[in-house]
Each structure stands twice: as structure tokens, then as C-alpha cells.
Amino acid sequence: MGVDDSAQPARHFALRGGDDSLKILGINSGRLVWSNYEKKVEEGAEVEVAMGLSSDVEEDSGPKVFERTSEVVIDVPAAPVREIIIGQDARWGYVLSGNSQMTVLSLKDEAGPAVYQQLPLTRSSEQVTALAALQGNISLLVGDNHGRIAQWFLVRDKHAEVDAFSLQKIREFT
């Protein structure tokens, strides 16, 4: 499985999936690509019907084969990408680049994946040294070169008429 058809090596990628589909956010050669894959069903095979009550397809214990159903290239910051995380339910993507630049992607936007927010995670004299998602992929933990760890997550704007969010630092551990 490749990030895209360019046959370039994947530099970073994040994966979210289930039994029948996979979503990959990956970068290679400066291209950030959002790809969707669906489980490949062999021609002539019947699929389960009516809540799985009948099926001519026996349970396959072999590896599942997925095929790409869509691919979208997303504009990325000029600085080299260092880390990629896909958030809960594959609604949000987080791309860390440069010393501390975070790009938040809306992956379920009606017009396709798009940059939602860009912000620095540290002051200009500091550098992000570690990035991890907490269980559930809602909160991000960000470590810096001064030994601090901060927790960040998307906060709903209570004054907006439509759902609007911004990535905000919630607490810091020193």
C-alpha cells in the first residue's frame, strides 16, 4: 500500500481504520496526501445481507486487500513535516512542521480536506521535541526542549453561530 502513486518513500504517515476501510494521512517528497481505502471484494462474491443472516461468502482468515478509492493532495507548510496524527473519528488531522508549527486539518470538510488552523505550539526560542496523542486521539501532549509537557485540544467557540474550533493549550506540566 502506498501513500500515493508517485512510488516515493513515505516520510511520515498516520493511519485510522476498521475492518472494511482505512484512511491514511501521509507525506512523501513534500506532498501531504489524504487517501481512503476500502476492502476489496472479489468479483462474483456475494456480500452479507439483512444483518448478516445469510451469506455465500465464508469467513476469510487470510490477509485483507484494500484498494484506494480516493486521494487528495493537501497544501502543507514549507518547513519539513516532523509528525502526523489523525484525530478521533478521522475528523481532524494534526501536522507538526519546523520547530513548533502545528497545522490543523479538517478532514471531513464538505469541499475535501483543508487547512483549518495554523499556530506555533511554543515560543520562538523553544522547540517541540515530542508530540503524542492521548488515548482517544482528542488531546495532544507536546514536549519542548525545556522539559515542559503541555496538553492541547480543540475547543469549541461558544460564541460562533456554526461549529468552530481552535486548538488551545489547556494545561502545562513542569
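**Exercise 1. The second largest pocket**

Task: In this predicted model, determine how many residues line the second largest pocket and which of them lie nearest its centre.

Solution. 
Step 1. The lining of the second largest pocket consists of 14 residues. Those nearest the centre are Gln88, Arg91, Trp92, Ile138 and Leu154.
Step 2. Two elements each contribute two or more residues to this lining, namely strand 6 (92–97) and strand 11 (149–156).
Step 3. The most is given by strand 11, with 3 residues.
Step 4. The volume of the second largest pocket is about 240 Å³.

**Exercise 2. The aromatic pairs**

Task: State how many aromatic pairs the structure holds, and explain why the pair of Trp92 and Tyr116 is classified as it is.

Solution. 
Step 1. There are 2 aromatic pairs in the structure.
Step 2. In the pair of Trp92 and Tyr116, the ring centres are 4.8 Å apart and the planes stand at 70°. Planes over 60 degrees apart count as edge-to-face, and therefore this pair is edge-to-face.
Step 3. Trp92 belongs to strand 6 and Tyr116 to strand 8 (residues 114–120), so the pair ties together parts that are 24 residues apart in sequence.
Step 4. Trp92 has a relative accessibility of 9% and counts as buried, whereas Tyr116, at 32%, counts as partly exposed.
Step 5. The rings of Trp92 and Phe165 have centres 5.7 Å apart and planes at 70°, so this pair is also edge-to-face.
Step 6. Phe165 lies in strand 12 (residues 165–173) and Trp92 in strand 6, so the pair ties together parts that are 73 residues apart in sequence. Phe165 is buried, with a relative accessible area of 15%.
Step 7. Trp92, Tyr116 and Phe165 form one aromatic cluster.

**Exercise 3. Salt bridges and their network**

Task: Find how many salt bridges the structure holds, and decide whether Glu126 is buried or exposed.

Solution. 
Step 1. The total is 8 salt bridges.
Step 2. One of the salt bridges joins Arg123 to Glu126, with the closest N and O atoms 3.7 Å apart.
Step 3. Arg123 has a relative accessible area of 55% and is exposed. For Glu126 the value is 7%; since buried means under 20%, Glu126 is buried.
Step 4. Asp144 and Arg148 also form a salt bridge, their closest N and O atoms being 3.1 Å apart. Asp144 counts as buried at 11% relative accessibility, and Arg148 counts as buried at 18%.
Step 5. A network of salt bridges links Arg123, Glu126, Asp144, Arg148, Lys169 and Glu172.

**Exercise 4. The surroundings of Arg31**

Task: Identify the element in which Arg31 is found and the residues that Arg31 touches, not counting residues up to four places away in sequence.

Solution. 
Step 1. Arg31 is found in strand 3 (residues 31–39).
Step 2. With sequence neighbours up to four places away left out, Arg31 touches Asp4, Gly26, Glu71 and Val73.
Step 3. Arg31 and Val76 are 45 residues apart in sequence, while their C-alpha atoms are 7.5 Å apart in space.
Step 4. The relative accessible area of Arg31 is 30%, so Arg31 is partly exposed.
Step 5. Glu71, one of the residues that Arg31 touches, meets Arg68 through a side-chain salt bridge (3.3 Å, N to O). Glu71 is partly exposed at 33%, and Arg68 counts as partly exposed at 27%.

Definitions and conventions. Residues are numbered from 1 along each chain as its sequence is written. This is a predicted model: local features need pLDDT of at least 70, side-chain atom pairs count only at pLDDT 80 or more; totals for chains, interfaces and linings use all residues. Side-chain values use heavy atoms; hydrogens and water are left out. On a 1 Å grid over the protein atoms alone, a cavity is a set of points where a 1.4 Å probe fits but cannot get out, and a pocket is an open set with protein on both sides within 12 Å along at least five of seven lines; lining residues have an atom within 4 Å of a point. Grid points are joined across faces, edges and corners, and a volume is the space filled by probe spheres set on the points. Helices (H or I, at least four residues) and strands (E, at least two) are DSSP runs, numbered from the N terminus. Buried means under 20% relative accessible area, exposed over 50%, partly exposed in between (1.4 Å probe, protein chains only). Contact means heavy atoms within 4.5 Å. A salt bridge is a side-chain nitrogen of Lys or Arg within 4 Å of a carboxyl oxygen of Asp or Glu. Rings of Phe, Tyr and Trp (its six-membered ring) pair if their centres lie within 6.5 Å; planes under 30 degrees apart count as stacked, over 60 as edge-to-face and the rest as tilted.
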